[in-house]
Amino acid sequence: LNSANLLLNGIAITFVTTMDDTMGWVFFDIERDAEERPRSPLPTPMWWFHRLYAMFLLVSILATVVQAEDLLRTHGNEAKYGAVCSDIREIVTVHAGHVCAIFAILCAPLRFTLKW
């Protein structure tokens, strides 16, 4: 896991996301002749929630890269099993797992309050 691979993975994810949006606009566009696209029906607090979730996942990836050595020492099993690749897979999910759990817990009350 080095900065070149991280950058290339980011570019690949951006490309796939952009292609997905473009294909959606081409094949599932309801109002083709409209000058402007209609606004998303997503409420503003939920929009901000999704953006915060994405930002915290990005921070968790960066924290994993910066703290890789400490995380390998704490969560790795190289000394026991001798599998270096499995260690990398295990530490990538440490911070991201916490972020996912926290935002999953926060999502339920937010959706409940938006219904009222």
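C107 is buried, with a relative accessible area of 16%. Buried here means under 20% relative accessible area, exposed means over 50%, and partly exposed lies in between (1.4 Å probe, protein chains only). The model is predicted: local features need pLDDT of at least 70, side-chain atom pairs count only at pLDDT 80 or more, and totals for chains, interfaces and linings use all residues. Residues are numbered from 1 along each chain as its sequence is written, and side-chain values use heavy atoms, with hydrogens and water left out.

C100 is partly exposed, at a relative accessible area of 33%. The structure contains zero disulfides, a disulfide being a pair of cysteine sulfur atoms within 2.5 Å.

Confidence was examined next. The protein has a mean pLDDT of 76, and 72% of its residues reach 70 or more. This score is the predictor's confidence in each residue, from 0 to 100. Among the elements, α2 has the highest mean pLDDT, at 86. Helix α4 (residues 78-81) has the lowest, at 60. Where pLDDT is low, the predicted coordinates should not be read in detail.

The secondary structure comprises five helices and zero strands. Both are DSSP runs numbered from the N terminus: helices are H or I with at least four residues, strands E with at least two. Along the sequence, the pattern reads α-α-α-α-α. Of the 116 residues in the protein, 14% are buried.

Helix α2 has 23 residues. Its span from first C-alpha to last is 33 Å, close to the 33 Å expected at 1.5 Å a residue. The expected span is 1.5 Å times one less than the number of residues. The buried residues of α2 are M46, F49, S60 and T64.

A search of the whole structure found four aromatic pairs. In one of them, the ring centres of W47 and W48 lie 5.1 Å apart with the planes at 90°, so the pair is edge-to-face. Rings of Phe, Tyr and Trp (its six-membered ring) pair if their centres lie within 6.5 Å; planes under 30 degrees apart count as stacked, over 60 as edge-to-face and the rest as tilted. W47 is partly exposed, with a relative accessible area of 36%. W48 counts as exposed, at 51%.

F49 and F103 form a tilted pair, 5.2 Å centre to centre and 55° between the planes. This pair links distant parts of the chain, with its members 54 residues apart. F49 lies in helix α2 (residues 44-66), F103 in helix α5 (residues 84-115). Both residues are buried: F49 has a relative accessible area of 11%, and F103 has 10%. F49, Y53, F56 and F103 together form one aromatic cluster.

The largest nonpolar core has six residues: M46, F49, V99, F103, C107 and L110. The elements giving two or more residues to this core are α2 and α5. α5 gives the most, with four residues. Such a core is a set of buried Ala, Val, Leu, Ile, Met, Phe, Trp, Tyr and Cys residues joined through side-chain atoms within 4.5 Å. In soluble globular proteins, nonpolar side chains tend to be buried together.

Contacts of V99 and S60 were then listed, leaving out residues up to four places away in sequence. V99, a member of the core, touches Y53, F56, L57 and S60. S60 is located in helix α2 and counts as buried, at 4% relative accessibility. S60 touches H95, A96 and V99.

Definitions and conventions:
Contact means heavy atoms within 4.5 Å.
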